[in-house]
Amino acid sequence: MNYRQLGDTELRVSELSFGTWAIGGSWGHSDDQEALRGLATAMEQGVNFFDTADVYGSGHAEELLAKATKGKEDEIHIATKFCRAGDIHDLNTYSEESVRAYCEGSLKRLQRERIDLYQIHCPPLVVLKDGKVFEVLDKLKAEGKIRHYGVSVETVEEGLFCLSVPGVKALQVIFNIFRQKPAEQLFMEARAAGVGILARLPLASGLLTGKFTKDTKFSEDDHRNFNANGEQFNVGETFAGLPFAKGVELASQLSWIAEGRGDMARASMRWILDHPEVTCVIPGFKNVRQVEDNLGTLQVPAFGPEELERLQAFYRSEVAQHIRGAY
């Protein structure tokens, strides 16, 4: 396992880490025991960082992490998020009273005394510019409730604004071969500001595995069904904002990236890690097999300059115009 510094903090995290949205819920059926085995396998292979949120399974993902990391609290770092259990457009959701309640709830479910990285969960820009939530987070940090804080953002504009806030130490962004915009300006400025980058949805909700067809169906409780067109939350969180059929078509044109790299999923995550500004990539998982498959990313070769240029040109000419939602 390779480790990268989270911005200018003291935290060094595994460059391939894991997100827990899928084991919490909204990705179809999941099995808790298999999820716990997957978490154990990841840690055995050197993964020391997991991303979660209070709304993943209404706190269930945090509870699973508590079980999996019991007795390892000093060596396994956890990032969680808050605000989406309330009305994200209501400034009262970000009041000191509300944020403290969210924080204490997460601490209780995680069975920890301190959260390593506490992230605002995709708030509107107006909330970020209001600024009061950052004052609350500074208080929680001073009290030892949180170690560092960051923001999970939907747009480059939000990310750039967050870089102006001294206490922000990490940005979580949607970044993958289908969604390359953050690399154009945000990454460089984040690095200059000493802010780490967590790359979420590296496989564009599975499109970049190359395993879907236009006839693929998803269960009713899977966001790839109920949010395919942004019905419940930002459409960018599902299939990177691409219409599903177009995403399948575009993925079929990328099969070449798997040559010499095992499969498209590993190649797609290798491409992300080839950006030095990225602290870690956080794919999801439901079982041991998926954890092991994702960890295989670390064994595949990096992309060469010509390949990187080809993928950038593909994004600009074939993909960018089809992306929907705030970006």
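**Strand pairing, burial and salt bridges in a predicted model**

User: How many bridges join S5 to S6, and what makes these strands a pair?

Analyst: In this predicted model, S5 and S6 run parallel and are joined by four bridges. Two strands pair if DSSP finds at least two bridges between them; with four, S5 and S6 therefore qualify as a pair. In S6, Leu117 is the bridge partner of Ala79. Between these strands the chain passes through H4, and this β-α-β crossover is right-handed.

User: How do you know that strand S4 pairs with S5?

Analyst: Strand S4 (residues 49-51) is joined to S5 by three bridges, the strands running parallel. The criterion is at least two bridges, so S4 and S5 also count as a pair. Phe49 has His77 as its bridge partner in S5. From S4 the chain reaches S5 through helix H3 (residues 60-69), in a β-α-β crossover that is right-handed.

User: Why is strand S5 called largely enclosed by the rest of the structure?

Analyst: A residue is buried when its relative accessible area is under 20%. In strand S5 (residues 77-82), six of the six residues are buried, so the strand is largely enclosed. Both of its faces are covered: one side carries the buried residues His77, Ala79 and Lys81, and the other the buried residues Ile78, Thr80 and Phe82.

User: What makes Asp116 and Arg147 a salt bridge?

Analyst: The side chains of Asp116 and Arg147 meet at 3.1 Å, N to O. The cut-off is 4 Å between a side-chain nitrogen of Lys or Arg and a carboxyl oxygen of Asp or Glu, so this pair meets the definition. Asp116 lies in strand S6 (residues 115-121) and Arg147 in strand S7, so the contact ties together parts that are 31 residues apart in sequence. Shared partners in salt bridges join Glu10, Arg112, Asp116 and Arg147 into one network.

User: Is Asp116 buried or exposed, and how do you know?

Analyst: Asp116 has a relative accessible area of 4%. Buried means under 20%, so Asp116 is classed as buried.

User: What is tied together by the salt bridge of Lys145 with Glu104, and why do these residues count as partly exposed?

Analyst: The closest N and O atoms of Lys145 and Glu104 are 2.9 Å apart. Lys145 lies in the loop between helix H6 (132-142) and strand S7 (146-152), while Glu104 belongs to helix H4 (residues 96-110), so the pair ties together parts that are 41 residues apart in sequence. Lys145 counts as partly exposed at 24% relative accessibility, and Glu104 does so at 38%.

User: Where do Glu34 and Arg37 lie, and what makes them a salt bridge?

Analyst: Both residues lie in helix H2 (residues 32-44), three residues apart, about one turn of the helix. The closest N and O atoms of Glu34 and Arg37 are 2.9 Å apart, which is within 4 Å, so the pair is a salt bridge. The search of the whole structure finds 21 salt bridges.

User: How do you know on which side of H8 the buried residues lie?

Analyst: In helix H8 (residues 186-193), Leu186, Phe187 and Ala190 are buried. These residues cover an arc of only 95° around the axis, which puts them on the same side of H8. The face turned away from that buried side carries the exposed residues Met188 and Ala192. The buried residues of H8 pack against helix H7 (156-162), strand S8 (168-174) and strand S9 (196-200).

Conventions
Residues are numbered from 1 along each chain as its sequence is written. This is a predicted model: local features need pLDDT of at least 70, side-chain atom pairs count only at pLDDT 80 or more; totals for chains, interfaces and linings use all residues. Side-chain values use heavy atoms; hydrogens and water are left out. Helices (H or I, at least four residues) and strands (E, at least two) are DSSP runs, numbered from the N terminus. Buried means under 20% relative accessible area, exposed over 50%, partly exposed in between (1.4 Å probe, protein chains only). A crossover is right-handed if, with the strands pointing away from the viewer, the path from the first strand over the helix to the second runs clockwise. The arc is that of the directions from the helix axis to the C-beta atoms. Contact means heavy atoms within 4.5 Å.
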